Every structure is written in C-alpha cells, then in structure tokens.
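Dear colleague,

I am passing on the structure below, together with notes on what came out of it. Please look through the coordinates alongside the text, and tell me where you would read them otherwise.

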Amino acid sequence: MVYQNDAPRIKEKKKRSLAAVLADNSFVMLAFFCSAVIMLLVFYCFDMTPFGDTTILRMDLYHQYGPLFAELYERIKSGGSMLYSWNTGLGGTFLGNYFNYLSSPLAFVIFFFGHKDIPDAIALMILLKASIASATFTYYIKKTFGRHDHAAAAFGVLYSFCGFFIAYYWNVMWIGAMALFPLVVLGLERIINERKPALYIVVLALTMISSYYMAMMVCIFMFIYFFIKYFSIDRDDATEGKLLERIKNSRFLRTAIVFGLASVAAAFLAAFALIPTYFVLKNCSATSDNWPADIKFYFSIF
C-alpha cells in the first residue's frame, strides 16, 4: 500500500533511477549523438535535405525502396490491404515486399513526413540507424570488456561508419541488421557465460523480422562465433566418470542446447514474417541466379 505522503519520495526515487541510468550510459549516448552529427555534416557537405535539394536516394533506394515506402504510407493511411498490390507490374504480393524491405521498426518515421517528403524520412531513418549502430556497439564494449569511456564511444562511431555502411547505406533494411548485430552478439555471450537466452532470442527475432537477407548472414556468423567464443574462454570442463556420464554433465553440451533452442525460438517468433517472405523470394529472379564463381573485392583494405 502506498500512502499519499510517500508519493513524492517514490517520484524522487524514480527520477534518481532515471538519472543513474543516463549517467551509467553516458558514453553510449555520446556515441549516438556523435554519429548523428557526422551524418548531418555529410548531408550538409553534399547539399542534401534539409540543407539542400539533393536527396539521399540512389540505386535501388531511388527506384525500388523509396517508392515502396511511399506505397506503404498510402496503404496504411487509406486502410488498404497489406497482402496484394496492383502497382508492381501486373500485380503481385505486397506482404513479401513489406517483410523484405519495409518492416524496420523505424519505418514509422514516414508518417511524420507524408508522401511527398518520403526521401527526407528515409534520410532520417539512415541517420537513426547509423546512430543506433554506434550506440549498440558502444554498449557491447561496455558490457563485454567493461570499458565505458571516450575510447568505447569512439569505437562505436567507427563501427557505425565502417566499410559496410559506407558501401550499402542505400540498402536501408540491411543497415537495420547492422544496428542490431552487437546486441545479438551480446545475447550469445550471455548464453555462454550465464545461460540466459532472453536478449538473444528477442534481438535475433527482431533482426529476422526486419531484414530477411541479413538475418541469414547473422545466423551463419552466430553458429561459427558460438564455437570460437566458447572455446576461447578458460574454464574447467573436466568431469569424472564414464563417457556417457561426462557427456551428460558436459557444460558445453548444455550451453549448445540452450543456444540451439534459443535460435529456434527466435525463428518461431519471426515465422509470421519469414514464411511468406521465403515463398515470395523463392520465385524471385534475384534468388534464382547461380552462386558467384569468383570472389571480388570492391575496395582495398587501405
């Protein structure tokens, strides 16, 4: 029971708790705002909106993703169907396009701009995803290495403007997975260290929902990284007894089972998005081509 006289103290405690959380993550927020400022400087230098008439749209972002975001805006605004569209050729599924290109949680920003300002909304989405990527990587460094300082924030900014982002920022749905990736890795490390799968399940499911293609790459990485991370940690896994007894009591086996079940749980949570997207892309020309025979680098490491 809370008495009226206790209300100010409870309110003050909540304020202190919020202040403590903000102070505890000050460099995470610093990394976020530094990346946002850098993006605004880029917009200014290239005369992009809001500083000029140039838009951020290029390549597929110009002639494919941008129009799809505009169509999403009109469909939700008018209460149209999310299942089928007559605007693509002679007609086709819209649900597959939504889960393949438009299902980022940040897509809601288009409703603050309107149809004619969709390019500005997309520019803000890219800015926010770069800033969130910087913050999540800084948070990962803080939790994994115990570093919460200017260096951690600097590495967060470096991550958000890595070669992948510079080359593929126009694939707006892919960089969403980049922003979530440090939290997926942190979730896997929590499974290994504490056998707590909640963070891994939630963030991996969100990655699968928001970025179908990149989710596959993330899952492949997680499978490989699980073995690398587990065996890079010094621990005494020796158990006495017969072989079956040692297998039964194996810490590695128990951890691997938690990891496997958590991955399956994330896939089940995202199944409503994965299944329709799979069937749409199954008949897509982009997925029916042969695997590239040669490896080509787009730029040198220097």
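At a relative accessibility of 1%, Ile175 counts as buried, and its place is in helix 8. Please bear in mind from the outset that this is a predicted model. Leaving out residues up to four places away in sequence, Ile175 touches Ile126, Lys129, Phe165, Tyr168 and Tyr169. The C-alpha atoms of Ile175 and Ala130 are separated by 7.6 Å, although these two residues stand 45 places apart along the chain.

**Confidence**

The mean pLDDT of the protein chain is 80, with 81% of its residues at 70 or more. Among the elements of the chain, helix 9 (residues 198–210) has the highest mean value, 92, whereas helix 11 (residues 243–248) has the lowest, 55. Where pLDDT is low, the predicted coordinates should not be read in detail.

**The nonpolar cores**

The largest nonpolar core has 44 residues, and those with the most contacts inside it are Ile56, Leu61, Phe69, Ile122, Ile126 and Phe165. At least two residues of this core come from each of helix 2 (26–45), helix 3 (60–78), helix 4 (95–102), helix 5 (118–145), helix 6 (150–160) and helix 8 (174–194), and helix 5 gives the most, with 10 residues. What does Phe69 contact, once its neighbours within four places in sequence are left aside? The list for Phe69 consists of Tyr101, Leu102, Ala107, Ile110, Ile118, Ile122, Met125 and Val172.

Helix 4 is mostly covered, since six of its eight residues are buried.

**Thr255**

Thr255, whose place is in helix 12 (residues 251–269), is buried with a relative accessible area of 0%. Not counting residues up to four places away in sequence, Thr255 touches Ile191, Ile192, Arg195, Phe226 and Tyr230. Of these, Arg195 lies in the loop between helix 8 and helix 9 and is partly exposed, with a relative accessible area of 31%. The backbone of Arg195 also deserves a look, as its phi is near 55°, a positive value in a residue other than glycine.

Asp47 likewise has a positive phi, of about 55°, although it is not a glycine. Asp47 lies in the loop between helix 2 and helix 3 and is partly exposed, with a relative accessible area of 45%.

**Salt bridges**

The count of salt bridges comes to three. Side chains of opposite charge can pair when their charged atoms come close. Which of the pairs joins two helices? The side chains of Glu189 and Lys229 meet in a salt bridge at 3.8 Å, N to O; Glu189 lies in helix 8 and Lys229 in helix 10, so the pair ties together parts that are 40 residues apart in sequence. Both partners are buried, Glu189 with a relative accessible area of 3% and Lys229 with one of 17%.

In another salt bridge, the side chains of Asp149 and Arg147 meet at 2.8 Å, N to O. Asp149 counts as partly exposed at 22% relative accessibility, and Arg147 counts as partly exposed at 41%. Glu194 forms a salt bridge with Lys196, in which the closest N and O atoms are 3.4 Å apart, and Glu194 is partly exposed, with a relative accessible area of 45%.

**A nonpolar surface patch**

In soluble globular proteins, nonpolar side chains tend to be buried together. On the surface of this model, however, Met216, Met217, Ile220, Phe223, Ile224, Phe227, Ile228 and Phe231 form a nonpolar patch, with about 810 Å² of accessible area together. Phe231, whose place is in helix 10 (residues 212–232), is exposed, with a relative accessible area of 56%.

With best regards

Definitions and conventions. Residues numbered from 1 in each chain as written. Heavy atoms only, no water. pLDDT = per-residue confidence, 0-100. Helix = DSSP H or I, 4+ residues; strand = E, 2+ residues; numbered from the N terminus. Patch = residues over 30% accessible without salt bridge, like charges linked within 9 Å, V, L, I, M, F, W, Y side chains within 5 Å. Areas by Shrake-Rupley, 256 points an atom, 1.4 Å probe, with all protein chains shown as cover. Salt bridge = Lys/Arg side-chain N within 4 Å of Asp/Glu carboxyl O. Buried < 20%, exposed > 50% of the residue type's maximum accessible area, 1.4 Å probe, protein only. Core = buried A, V, L, I, M, F, W, Y, C linked by side-chain atoms within 4.5 Å. Contact = heavy atoms within 4.5 Å.
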